[in-house]
Amino acid sequence: MDQLFEKRKKVLYDFMGDDLYVPMRIKEIAAVLQIPREQRDELKEALDALVEEGKAVLSKRGKYSRGQAVRLKGVFQANVRGFGFVTPEDGSGDVFIAEENLSGAFQGDEVEFIITAAPSGRRREGKVVRVISHSVTQVVGLYENCGNYGFVRPDNQRYLHDIYIPAGREKGAVTGHKVVVELTSYGGEHMKPEGRIAEIIGHVNDPGTDILSIVMDLGIKTEFPEKVLEQAVRVGKPVSEADCAGRKDLRDWQMVTIDGEDAKDLDDAVSLVKEGENYRLGVHIADVANYVQERSALDREAFERGTSAYLADRVIPMLPHVLSNGICSLNAGEDRLALSCIMTISPSGEMLDHEIAETVIRVDKRMSYNGVAKILEGEEEALCENREVVPMIRQMKALSDILRERRGRRGSIDFDFPETKIVLDEDGKPLEIRPYERNAATKIIEDFMLMANETVAEEYFWRDVPFLYRTHDTPDEEKIRQLSAFINNFGYHIHVRNEVRPKEIQKLLGKADGTPEEALISRLALRSMKQARYSTENTGHFGLAAKYYTHFTSPIRRYPDLQIHRIIKDNLRGRLREGRISHYAEILPQAAVQCSMKERTAEEAEREVVKLKKAEYMRGHIGEEYEGVISGVTRWGIYVELPNTVEGLVHVADMRDDHYEFIEQDYELAGVHTGRTYKLGQSVKVRVTDADKVQRTVNFEIV
C-alpha cells in the first residue's frame, strides 16, 4: 500500500513539473489524469502529502502547483481568535498561520512550517507541517467538574482549547478551583488536550489567588529552596571592620536614599557636593556581589529568576528578603558595603573625571520621592524636618536639570507616560486606580542613575573586556514609515534620511507636547521602537541617544547588574586576567539571553496583573459614564482610555447608529451612512457595559 501511495505521489509530482502544467483543482487534475471519481479521496491524500512535504503548494483558490517550499523552523504563538503566528528562528518577520493550517500546533511549540503565500506588500502566510517539541508542560486555569470527568478552562486565552481531565486525575479539585494542569496529551486536529491536576492554587474567590494564578502560569517561582534560604542567612551578617579593609571609607560623606514610600530593597544611595563650579556626584550601589558568590546556590537561583517582579499586591524578589531587605539594603544609619561611581561634572553637564571603587558607606537619611518633592516645592514642614539635607537636595535638583537638558540636546527621547497606581484593600480588592505621575524627585534619581550607567559602560567598553550592555537598536524603517504616514494626518513630519535619528522622535514629541493628540503620538512612537535587551555587544541605546549604556545600579533586583559588578570587582582587585576574561566571554552570551527573556516574563506578569485589577475595579462601575480618549482603532472597534488609565473596547457590533468601516491608513472607523468618524486621539463619552476579570477586559459603549 505504501509503495502504491509513494508511486501515486511521484506521478503527481512529475505531472505538476511538466512545462505545460498550469495550477489546477483536484477535479481538474482527476479529469486530465483520468482518475475515477471513487479514487478522488486517494488523490487528495497524495496531493496533501506533497503539500506537507513542501513539494506542492495549495493556493487560496484550491489550486495545486509544484513547489519547492523550504521547511523552516520557528516558535508558534496562538491567537485567541483561532489562528496563530510562527516566529522563525532566522529572525525574519512573523508568518501568519490560518486556523486550518495549525496541524495541531500548541501555544509555544517549536514547529516546522512552510511558506504557502507571500503576497507583495502583505504578510507572509504559512502552514505548520510538523510539531518538533512542546515547550509548555503546565497550564493554569479554572477547574470544572462534570460528574465522571472534569475540564480546565485555561486563563491564558492563547491555549485555544479546554483541557480534559479524566476521572481520578483531579487531585481533589472541585468546581471553582484555580489549578495547575500537567499536560499528558496535546490533542490534535479533532482532539482536546488532556492532563492531570498537579497543584491546586486556591479557590477563584480566595484573596490573592487571581494574581498567584498569573504568576504560576508564567512560570515565575514564588518560593526559594531551603538551601538558598539557609545560605542567605549564613552570608547576611552585619558589616565588620574586616569587611571594610581595602575599601574607600565614605561613612563621613553626607548621602541619602530616595525611593517610594513602601520600598524595602534600597539598593542605591546618592551624594552630592559642589567643588568650586563643578559637582561631585556619588552614586553608591549595594555590593550584592560580596554576598552572592558566583556558582553558589544563591547565584544559581538569582540567575534562574533573572529579575524581581513588582506586582500590585506583592514583590517576587530575585534574592531572599534576608538579603534584599537586610544586609544588601542601604538602610539609614547602618554600615553597608557598596560599589560607588563618583563623578566630577562641569556646570554644563560634561563628565570631567570619575572613579569606580569598592566602598563602605553609611546613609544619613532615608527620603521618599514625595518628601523630596515637598522640599523642592518649599513646603515648610518638609524643610524643617529635613533641614540638614535641604541644601544637598536643592543642588541635586540643579544638577538633574543640567543633565536632563544635556541629554535632551543630544536627542534622548523621554516617553513621559503616567504609570498606573493601584490601591488594594486587605483582601486584594482594588479600591482606587489612578495615574502615578513622575515628580521632580523621581527625575533626580533617574538622571543620576542614567549618568552612572553610561559612565560605567563607557569605561568598560574602552577596557575591551567581556561585559553586559543594555542596548536599544534603531527602529525598523517600515515602522517609522508607518508612523510618519500617520502623524501627517495631524500636520507633523519626521525627517528620515538613511535611518531615523533619536532627535527626530524627540522633536516630534516636543511638537506634540500639550496638544490633545500628545498621548496618542507618544504611544505610537513608542510602539515603533524596538525592545531594549541585554547584549555582549555595545551597539548603543537609541532611545537615550547614548553610545554606551549598561545596567549597574540595581543588583538586588536585576541579575545583569550583579553580573557586571563581579567583572568590575575583578578588575579593581587585579584579577581580570586571561582566565577570568575567557570565563566571562564564555558565560555572558547565555546570561544576556536569559536576563532579556526573564525581563520580558516579569513585564508580562506586571501588565497582566494591572489588566486584571483594572477589570475587577470596573466591575463595580458598570453603567457609569466617563469622558475618555480613543487610544486604538481596529476593524473590531475602538479602544478608549479613561483618565484613570483604564482602557476598554467599544465593539463595532455595539455601534448601532451606523455601519462602520475601518480606514486603515487613517486609523479611523467611518460610518457609511452618517459619515461620522472615530479617530485616534478623539474625545468620546462612554458607558461601562461589562468587565471580565478572567479575560481581563473592559467593554464600553458610546454615549
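**Labels and their grounds**

Colleague: What makes Gly 378 partly exposed?

Modeller: Its relative accessible area is 37%. Buried means under 20% and exposed means over 50%. Gly 378 falls in between, so it is called partly exposed. Bear in mind that this is a predicted model.

Colleague: Where is Gly 378 found?

Modeller: In the loop between α9 (369-376) and α10 (380-385). Gly 378 and Glu 668 are 290 residues apart in sequence, and their C-alpha atoms are 47 Å apart in space.

Colleague: Why is Gly 168 called exposed?

Modeller: Its relative accessible area is 68%. The cut-off for exposed is over 50%, so the label holds. Gly 168 lies in the loop between β10 (163-166) and β11. Its C-alpha atom is separated by 47 Å from that of Gly 632, which is 464 residues away along the chain.

Colleague: What is the label for Ser 103, and on what value does it rest?

Modeller: Ser 103 has a relative accessible area of 23%. Buried needs under 20%, and exposed needs over 50%. Ser 103 is therefore partly exposed. Its place is in the loop between β5 (95-97) and β6 (110-117).

Colleague: What is said of phi at Ser 103?

Modeller: Phi is positive there, about 55 degrees, although Ser 103 is not a glycine. Ala 545 also has a positive phi, near 50 degrees, and is a residue other than glycine. Ala 545 sits in the loop between β25 (533-535) and α16.

Colleague: How do you know whether Asp 570 is buried or exposed?

Modeller: Its relative accessible area is 4%. Buried means under 20%, so Asp 570 is buried. Asp 570 lies in helix α16 (residues 559-572).

Colleague: Why is helix α4 said to be largely enclosed?

Modeller: Seven of its nine residues (209-217) are buried, so the rest of the structure largely encloses α4. Among the buried ones are Asp 210, Ile 214 and Asp 217. The cover includes β8 (138-145), β11 (177-185), β12 (194-203), β18 (315-316) and α17 (578-619).

Colleague: Which residues touch the most other members of the largest nonpolar core?

Modeller: Ile 258, Val 270, Val 283, Met 396, Phe 448 and Phe 552, out of 85 residues. The largest share of this core, ten residues, comes from α12. Apart from this core lies another of 42 residues, including Phe 486 and Tyr 617.

Colleague: Which element gives the most to the lining of the second largest pocket?

Modeller: α12, with six residues. About 510 Å³ of space lies in that pocket. It is lined by 19 residues, and Met 351, Arg 410, Met 451, Glu 454 and Glu 458 are the closest to its centre. β20 (351-362), α11 (390-410) and α12 (440-462) each give two or more residues to the lining.

Colleague: How does the lining of the second largest pocket divide by class?

Modeller: Seven residues are nonpolar, three polar and nine charged. Arg and Glu count as charged, so Arg 410, Glu 454 and Glu 458 belong to the charged class.

Notes:
Residues numbered from 1 in each chain as written. Predicted model: local features only at pLDDT ≥ 70, side-chain atom pairs only at ≥ 80, totals over all residues. Heavy atoms only, no water. 1 Å grid on protein atoms, 1.4 Å probe; cavity = no way out; pocket = protein on both sides within 12 Å on 5 of 7 lines; lining within 4 Å. Points joined across faces, edges and corners; volume = space filled by probe spheres on them. Helix = DSSP H or I, 4+ residues; strand = E, 2+ residues; numbered from the N terminus. Buried < 20%, exposed > 50% of the residue type's maximum accessible area, 1.4 Å probe, protein only. Contact = heavy atoms within 4.5 Å. Core = buried A, V, L, I, M, F, W, Y, C linked by side-chain atoms within 4.5 Å.
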